[in-house]
Amino acid sequence: MANWQCVKQCGACCHLDPAERPDLDEYLSPVELEQYLSMVGEDGWCVNFDHSSRECRIYPNRPRFCRVESETFQDMYGIEPEE
């Protein structure tokens, strides 16, 4: 079994362009989808992503769908923690 972890200051998941994620409504609640779409800037990047530091400005308070945790992946995508 492979073990995956985030890379500090990567920012890949902060590119929120809905055109690249057509299935958002399959794993986000209507409230989360509204929040997600409100976070998308004109360039497709999250409005909370600081491009100069490559860090999230709201990291401690980021929404559930921004969290890379086994419980979140299980709840949102049906991926078991062992996977």
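Tutor: The structure holds two aromatic pairs. This is a predicted model: local features need pLDDT of at least 70, side-chain atom pairs count only at pLDDT 80 or more, and totals for chains, interfaces and linings use all residues. Numbering starts from 1 along each chain as its sequence is written, and side-chain values use heavy atoms, without hydrogens and water.

Student: What makes Tyr36 and Phe65 a tilted pair?

Tutor: Their rings are 5.5 Å centre to centre, with 55° between the planes. Rings of Phe, Tyr and Trp (its six-membered ring) pair if their centres lie within 6.5 Å; planes under 30 degrees apart are stacked, over 60 edge-to-face, the rest tilted, so this pair is tilted. Tyr36 sits in helix H2, and Phe65 in the loop between strand S2 (55–56) and helix H3 (70–77), 29 residues apart.

Student: Why are Trp45 and Phe49 called stacked?

Tutor: The planes are 15° apart and the centres 5.1 Å apart, so the pair counts as stacked.

Student: Why does Glu32 count as buried?

Tutor: Its relative accessibility is 12%, so Glu32 is buried. Glu32 is found in helix H2 (residues 30–38).

Student: What puts Arg62 over the face of Tyr59?

Tutor: Arg62 lies at 3.8 Å from the ring centre. The rule asks for NZ of Lys or CZ of Arg within 6 Å of the ring centre and within 35 degrees of the ring normal.

Definitions and conventions
Helices (H or I, at least four residues) and strands (E, at least two) are DSSP runs, numbered from the N terminus. Buried means under 20% relative accessible area, exposed over 50%, partly exposed in between (1.4 Å probe, protein chains only).
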